[in-house]
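Please examine the sequence and the model shown here before continuing.

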Amino acid sequence: MRKMLHHIHAVLFGILLISGFLLHFSFLRSTLASYRLLLMRTHEYAGMLFCLVFAGYFLQLLLK
């Protein structure tokens with residue numbers, strides 16, 4: 001279970017990193033204008049899941 005949480009956490013971190021960079025840089029805003037809402041939603045949902053996985057780590061530590 002712990003390795004699966006670690007893998008999911010790493011994948012979500014990668015998604016947050018890539019979508020954050022794409023949303024941050026102004027020279028990409030015009031290029032990705034039609035996908036901007038999708039990128040924002042993806043970044044938002046990945047952040048929520050990232051926090052839930054982090055809470056899962058915390059609960060796992062509390063139960064030990």
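## The nonpolar core

Six residues, Leu5, Leu12, Leu16, Ala46, Val53 and Tyr57, form the largest nonpolar core. A nonpolar core is a set of buried Ala, Val, Leu, Ile, Met, Phe, Trp, Tyr and Cys residues joined through side-chain atoms within 4.5 Å. Two or more of the core residues come from each of helix H1 (2-24) and helix H2 (36-63); helices are DSSP runs of H or I with at least four residues, numbered from the N terminus.

The model is predicted: local features need pLDDT of at least 70, side-chain atom pairs count only at pLDDT 80 or more, and totals for chains, interfaces and linings use all residues. Residues are numbered from 1 along each chain as its sequence is written, and side-chain values use heavy atoms, with hydrogens and water left out.

## Helix H1 and its buried side

Helix H1 has 23 residues and reaches 32 Å from its first C-alpha to its last, close to the 33 Å expected at 1.5 Å a residue. The expected span is 1.5 Å times one less than the number of residues. Its buried residues are Leu5, His9, Leu12, Leu16, Ser19 and Leu23, and they pack against H2. An α-helix has 3.6 residues a turn, so residues three or four places apart point the same way.

His9 counts as buried because its relative accessible area is 17%, where buried means under 20%, exposed over 50% and partly exposed in between (1.4 Å probe, protein chains only). Beyond its neighbours within four places in sequence, His9 is in contact (heavy atoms within 4.5 Å) with Phe50, Val53, Phe54 and Tyr57. On the same terms, Leu12 contacts Ala46, Leu49, Phe50 and Val53.

Leaving out residues up to four places away in sequence, Leu22 touches Leu28, Leu32 and Leu39. Leu22 and Leu39 are 17 residues apart in sequence and 7.9 Å apart in space, C-alpha to C-alpha.

One cavity of 30 Å³ or more is found in the whole structure. A cavity is a set of points on a 1 Å grid over the protein atoms alone where a 1.4 Å probe fits but cannot get out; lining residues have an atom within 4 Å of a point. The volume of the largest cavity is about 40 Å³, and Leu22, Leu23, Leu28, Arg29, Leu32, Arg36 and Leu39 line it. H1 and H2 each give two or more residues to this lining.

Methods: On a 1 Å grid over the protein atoms alone, a cavity is a set of points where a 1.4 Å probe fits but cannot get out, and a pocket is an open set with protein on both sides within 12 Å along at least five of seven lines; lining residues have an atom within 4 Å of a point. Grid points are joined across faces, edges and corners, and a volume is the space filled by probe spheres set on the points.
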